[in-house]
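Hi there,

Here is the structure I promised to pass on to you. Have a look at it first, and then read my notes below.

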Amino acid sequence: MVRTKGSIIIVFLAMFVTACSSTHTLDNRVSKENYRMATLEAVNDTHDGEPYRVWADDSSDFLFNEIDGTTPLRVDGDRLNILVLSGGGANGAFGAGVINGLYDNHQLQEYSVITGISAGSLIAPFVFVGGQEISRLKSVMLSINDEMILGEENFLNTIFRDAFTDGQKMYEFIENVYTPEMIALIAEQHKAGKRLFIGTTHFDSEELVVWNIGRIAESDLPNKIVLIHQIIAGSASIPGVFPPQFIEVNHNGQALEELHVDGGLTVQMFFEVVNIDYSKVNKALGLTTKPQVHVIRNGMLKVPYQATEDKGVELLSRSLTSMTVQQAKGDLYRMIYFSKMSNLNLAFTYIDEQFDVVKETKDMFDLQYMKALYDYGYRKAEHNKLWDTEVP
């Protein structure tokens, strides 16, 4: 049999596609009709009325009980504090610097509610647990580099598989950082009246899912540690660069999968978790001071002027940066409006134009750049030049 060069190529591509085929087929995926009804366990999805997760437009009010006027939240002091940590990739080094700067100078508040998206989801568990974990945050965030996170790279994977990288090293990093011991500490803080919420994007519906991490940590779910690792990995997984997370769910006794990716596709930051009236929570806690919301935006709120070459990659990169910044500003305006309507105080910090350090390499996680960002955030906290209330 004579084989032409063309036929050999076709055979090779067929073998390549077969080798790269995924076991996560659409037959196993939740559908348009049932995705909102899928649960994390076969019997029910709640415990004492508190869910493992909610959708962004959920109308539940599990943080306040209308019947008896109580709340599961607790405060340490005379004010309810809420912390919001945004996405930002390598810019998460800024947030780590802010947190450590506040902690080292005894200014870090006790936050009863902490939310995180993408890079913020990596930082949030440290702040939630507090104590010695705060001092570990710097070494963890500054240890992130391209080789560790990207792992095995293959451009063809973006065509035939689900991402530019296999994601294994990133997942191993998450497993090594958020250990079973740390997850047990998260469970303790949840039982003490604090709440940790991390957002992912349910990719098929393009909707934000807010995960009640402490609730999962203190649950009897047999896969809770793996699930928390998947949620954190999913929240930080940029589609096409990192593989998505396939989370196992149940619907009417049938095992199905959900596809979860970077929470930043839907929002860069959030704190309006459910349909909650904070004035009622304040009353339930016996407080008279307005709740305080602190927002750490791991990025800028204005795209700096930059002459961009007329090349596809440069134009695309610049466009994505601009879209992310505008999205973050929109999220911030939304939160400010919600705060005013709900009688909350809101202040935020971000990377402003005074920070003019540029990356020395083309790496996503340029170490010198990240160190400079960390120091910049640390100094802002150290010198009490952190919080703003007016969007630039």
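Which residue forms a salt bridge with aspartate 352? The partner is lysine 380, and the closest N and O atoms of the two are 3.6 Å apart. Aspartate 352 sits in the loop between β11 (345-349) and α13, lysine 380 is in helix α13, and this pair links distant parts of the chain, 28 residues apart. A salt bridge here is a side-chain nitrogen of Lys or Arg within 4 Å of a carboxyl oxygen of Asp or Glu. Both aspartate 352 and lysine 380 are buried, where buried means under 20% relative accessible area, exposed over 50%, and partly exposed in between (1.4 Å probe, protein chains only).

Before you go further, please keep in mind that this is a predicted model, in which local features need pLDDT of at least 70 and side-chain atom pairs count only at pLDDT 80 or more, while totals for chains, interfaces and linings use all residues. Residues are numbered from 1 along each chain as its sequence is written, and side-chain values use heavy atoms, with hydrogens and water left out.

Back to the charged pairs. Side chains of opposite charge can pair when their charged atoms come close. By the salt-bridge rule, the count comes to 12. One of them joins glutamate 50 to arginine 195, with the closest N and O atoms 2.6 Å apart. Glutamate 50 is in strand β2 (residues 50-51) and arginine 195 in strand β6 (residues 195-202), so the pair links parts of the chain 145 residues apart; helices (H or I, at least four residues) and strands (E, at least two) are DSSP runs, numbered from the N terminus. Glutamate 50 is buried at 8% relative accessible area, and arginine 195 is buried at 4%.

Arginine 53 and glutamate 258 form another salt bridge, at 2.7 Å between the closest N and O atoms. Here strand β3 (residues 53-55) is linked to strand β9 (residues 254-262), and the two residues are 205 apart.

Next, the nonpolar cores. Each is a set of buried Ala, Val, Leu, Ile, Met, Phe, Trp, Tyr and Cys residues joined through side-chain atoms within 4.5 Å. The largest has 71 residues, and Ile114 and Trp211 have the most contacts inside it. Helix α13 (residues 367-382) gives the most to this core, with 8 residues. A second, separate core has 36 residues, including Ile82 and Tyr278. Contact means heavy atoms within 4.5 Å, and isoleucine 114 touches, among others, Leu83, Phe128 and Arg195, not counting residues up to four places away in sequence.

Asparagine 298 lies in the loop between β10 (292-296) and α12 (312-341), and it is buried at 0% relative accessibility. Serine 86 is 212 residues away from asparagine 298 in sequence, but 5.8 Å away in space, C-alpha to C-alpha. The backbone nitrogen of glycine 95 lies 2.9 Å from a polar atom of the asparagine 298 side chain.

Asparagine 100 is in helix α2 (residues 92-104) and is buried, with a relative accessible area of 3%. Leaving out residues up to four places away in sequence, asparagine 100 touches Ile134, Ser135, Leu137, Lys138, Tyr374 and Tyr378.

Enjoy exploring!

Key
A polar contact is a pair of N or O atoms within 3.5 Å; within protein, one must be able to donate a hydrogen and the other to accept it, and residues adjacent in sequence count only if both atoms are side-chain atoms.
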